[in-house]
Amino acid sequence: MKKIQHPYQISSSYKRDDIRILPFVKNGVEYNYCFVLLNPFYKRKQRFNDFQKEKPNWIEGLKSKIVNDYDKYCWTDFINQSGISDIKDIFHCLYVSDHNYVERFQKVKKQVWEAFKKTINENQLIPNSDSHISILLINEILIALRKMGYDNLALYHIFEENFEFTKTSKLIESEIEFPSEFRLLTNDRKILFYQEYEHYETFIYSTDLKLLKHFLELTEVEGFFANPRTTLLWSEIEYGTNDKILRIKED
């Protein structure tokens with residue numbers, strides 16, 4: 001696990017008690033701990049001849065093929081190379097670069113945007129899709145849970161009210177990626193993976209901090225621990241009057 005500094009939230013976000021990440025209640029269980037997982041970028045093991053023309057809009061397909069073709073490009077590496085120290089700025093660039101969000105996120109700091117695009121193009125990086133966990137992390141997470149003794153897990157979609165537990169080994173062997181807005185629950189209900197709609201990050205909830213840290217020690221995921229004041233709007237940006245702003249799309 002690589003811990004990244006908790007981002008500073010804008011004041012209006014702190015005041016929103018209705019969207020605090022913690023505590024979180026699901027299926028009758030209250031979760032008081034959460035690790036915000038930052039899904040890595042995809043970096044093709046064999047470089048594209050023409051990145052702009054050949055790159056896919058998003059990564060999808062068989063798990064084994066994706067793992068064979070792509071490496072993880074970590075957020076710490078992105079921060080170090082780009083010089084963008086605030087991960088909120090990187091998240092904002094992700095939303096701006098996604099045409100689905102251009103009407104909602106039309107502005108970005110010019111210097112940040114240029115550094116973001118330069119890092120993306122030089123390393124031929126493909127961001128992880130929103131509402132999904134990285135395919136490169138799926139088996140890493142499942143194997144860690146199995147090492148912890150979780151031989152049965154429930155994997156289900158946001159709109160499924162009834163779910164069944166299945167063998168962890170079966171999920172590992174499956175070539176199918178996790179569904180969008182998925183939920184992954186341990187059979188003792190102590191760990192819950194929760195993918196929010198239109199979010200690039202994935203939330204890992206737990207009833208036991210020691211248990212959550214043990215899981216993180218078995219993986220190489222990156223992110224930060226939420227605190228009682230962290231909200232779902234943690235990545236929002238408030239621009240100052242002197243900020244040099246690039247408008248991505250005119251009104």
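Me: How many cavities of 30 Å³ or more are there?
Reply: Rolling a probe the size of a water molecule over the atoms shows where empty space is left. In this predicted model, the count is two cavities of 30 Å³ or more.

Me: What volume has the largest cavity, and which residues line it?
Reply: Its volume is about 60 Å³. The lining consists of Leu-38, Pro-40, Lys-72, Cys-74, Leu-137, Glu-220, Val-221 and Glu-222. By class, that makes five nonpolar, three charged and no polar residues.

Me: And the second largest cavity: what lines it?
Reply: Asn-39, Phe-41, Trp-75, Leu-94, Pro-127, Asn-128 and Tyr-200 do. Five of these count as nonpolar and two as polar, with no charged residues. The second largest cavity holds about 40 Å³ of space.

Me: Now strand 13. Which way do its side chains point?
Reply: In a regular strand the side chains alternate between the two faces of the sheet. Here Glu-201, Phe-203 and Tyr-205 point one way. Thr-202, Ile-204 and Ser-206 point the other way.

Me: Why is strand 13 described as largely enclosed?
Reply: Buried means under 20% relative accessible area. Six of the six residues of strand 13 (residues 201-206) are buried, so the rest of the structure largely encloses the strand.

Me: Which strands pair with strand 13?
Reply: Strand 4 (residues 33-38) pairs with strand 13 over six bridges, antiparallel. Cys-34 stands opposite Tyr-205 there. Strand 12 (residues 191-194) also runs antiparallel to strand 13, joined by four bridges. Tyr-194 has Phe-203 as its bridge partner.

Me: What lies between strand 12 and strand 13?
Reply: Six residues, in a hairpin. In the turn, Glu-198 has a positive phi of about 65°.

Methods
Residues are numbered from 1 along each chain as its sequence is written. This is a predicted model: local features need pLDDT of at least 70, side-chain atom pairs count only at pLDDT 80 or more; totals for chains, interfaces and linings use all residues. Side-chain values use heavy atoms; hydrogens and water are left out. On a 1 Å grid over the protein atoms alone, a cavity is a set of points where a 1.4 Å probe fits but cannot get out, and a pocket is an open set with protein on both sides within 12 Å along at least five of seven lines; lining residues have an atom within 4 Å of a point. Grid points are joined across faces, edges and corners, and a volume is the space filled by probe spheres set on the points. Ala, Val, Leu, Ile, Met, Phe, Trp, Tyr, Cys and Pro count as nonpolar, Asp, Glu, Lys and Arg as charged, and the others, Gly among them, as polar. Buried means under 20% relative accessible area, exposed over 50%, partly exposed in between (1.4 Å probe, protein chains only). Helices (H or I, at least four residues) and strands (E, at least two) are DSSP runs, numbered from the N terminus. Two strands pair if DSSP finds at least two bridges between them.
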